[in-house]
Amino acid sequence: MAVSRFLFADQLGPHFDDGGPLLMVEAVGVLGRHPYHRAKAHLILSALRHRVRELGDRVELLHAEHYRDVLAGRDLEAVDPTSWGARALVRELGARVLPSRGFVTSEDEFAAWAQGRPPSRLVMDQFYRHVRTSTGLLMRGPDPEGGRFNFDHDNRRPPPKGASGLGLPDPYRPVEDDIDEQVRADLDRLEAEGRIRLIGQDGPRRFAATRAEALTALADFVETRLGDFGPFEDASLLGDDAMAHSRLSVPLNLGLLHPREVIDAVVAAYHAGEAPLQSVEAVVRQIMGWRDWVWHLYWHLGEDYVRRSNHLDAQTPLPREFLELDGRTVRARCLSHVLDEVGRTGYAHHIQRLMILGNWALQRGYRPAELTEWFTNAFVDGTPWVMPANVVGMSQHADGGIVATKPYASGGAYISKMSDYCGSCTFNPKKRLGEDACPFTAGYWAFLDRVEPRIRGNHRMQQPLAGLRRLVDRDAVVEQERTRTQW
């Protein structure tokens, strides 16, 4: 019998297929391990089944509770998968393992770059510059296009005053078909049988589940949103949750797109005079820099990175509002809106994740491991390799400074500047005491008070800590946030 290539549900693009027989498994037990967002479970099954239909007789589809139930004893090969558990599985099965794919740089390339560097010196910006230089992307000889590697300073514009949106066309949205209809019925049945638990709302599929849909989504982004992405990438509006974001993380993380396809498309738009450098560089940095970097850190920092990382001693369990994706009883307009949007779609753009959800969790001291699992399961683009560095390192500073040099905490003033959330909120972002005191503004100072002993040596926190020591109502703010029941 010929060797079959076992494809996981995040290896669905042509770059994982070298010809020959293929094998895929629909394992219900994978969906039953955690309370997945319904949109995420739907997307995974829809993408897998669409790929099976496309491949026809070349693929054998098996159904099982667990992978081992149907794979043991088979002659298999596999492209090295994307989680510690999946890698252990293919080796346990005796599969021939091929090097991982779906990233700009290989694991060997990162290992060579990282050799001799302590974890605190694995800086994303240095890695990004290294990859730009070695690939020649957006380079003019030894110099970066436009004279700078990073145009982030130019990409911090607040949203237009009084606007409900950026005025861009709605992002591409696929049309469901008979496969989606059957997936919905199967998820309803599995949930009714108690075999899986789903969170979030059902609704028409919003993200690409096929190669053709992914390519259409990419072309749509380049044509309609790329030009505005850079300037407004940190802005948020109640009436425009897409803003100028590409939302291509979803098909990228399903393996439907190769990151170089996205990079080449936006760079081509720049060279054709159809997109500004600051927007194009921002996309390149997020994919070739950040995305590759957190992928490599997942392996480099070890399987226990999340488990061992709690530098700020955060011990608060996630509240019901997070676990049930329910913002209806949350008074803080920004947090209520983003929780409801995640509940509705399984998605929020990066600034909503970092400066609303992550900032709130950081201030309240939610357990980093629990928060990482929540982000992985509640977001349609959440994967085991994506979230550790993003949540534990960048968002929660739980690794003590490996990923981010300081905690990403801010008060309500930042949210007020970069969004229109505060205008319709019962809390005042300028106030830290009283019934209408903003829980982000007061929470920022209460957070600094709680973690001061652990961040005292961080040079980037000296100015905020000096401000904390000058705060005349410090004790009152800390007590208010300790006993706050309405947020």
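Visitor: How are helices and strands defined here, and how many are there in the protein chain?

Guide: Helices (H or I, at least four residues) and strands (E, at least two) are DSSP runs, numbered from the N terminus. The protein chain has 22 helices and 9 strands. This is a predicted model, in which local features need pLDDT of at least 70, side-chain atom pairs count only at pLDDT 80 or more, and totals for chains, interfaces and linings use all residues. Residues are numbered from 1 along each chain as its sequence is written, and side-chain values use heavy atoms, with hydrogens and water left out.

Visitor: Is helix α18 mostly covered or uncovered, and what covers its buried residues?

Guide: Buried means under 20% relative accessible area, exposed over 50%, and partly exposed in between (1.4 Å probe, protein chains only). In α18 (residues 387-395), 8 of the 9 residues are buried, among them M387, V391 and S395. The cover includes α12 (277-300) and α16 (350-364).

Visitor: How does one describe the packing of α12 and α18?

Guide: Two packed helices are described by the angle between their axes and the distance between the axes. Axes are lines fitted to C-alpha atoms, for helices over the stretch in contact, and angles run from 0 to 180 degrees between N-to-C directions. The axes of α12 and α18 come within 8 Å and cross at roughly 95 degrees.

Visitor: Which residues meet where α12 and α18 are in contact?

Guide: Contact means heavy atoms within 4.5 Å. From α12, W290, V294, L297 and Y298 meet P388, A389, N390 and M394 of α18.

Visitor: What follows α18?

Guide: Just after α18, H397 takes a positive phi of about 50 degrees.

Visitor: What does the C-alpha trace span along its principal axes?

Guide: The trace of the protein chain spans about 75 × 60 × 45 Å.
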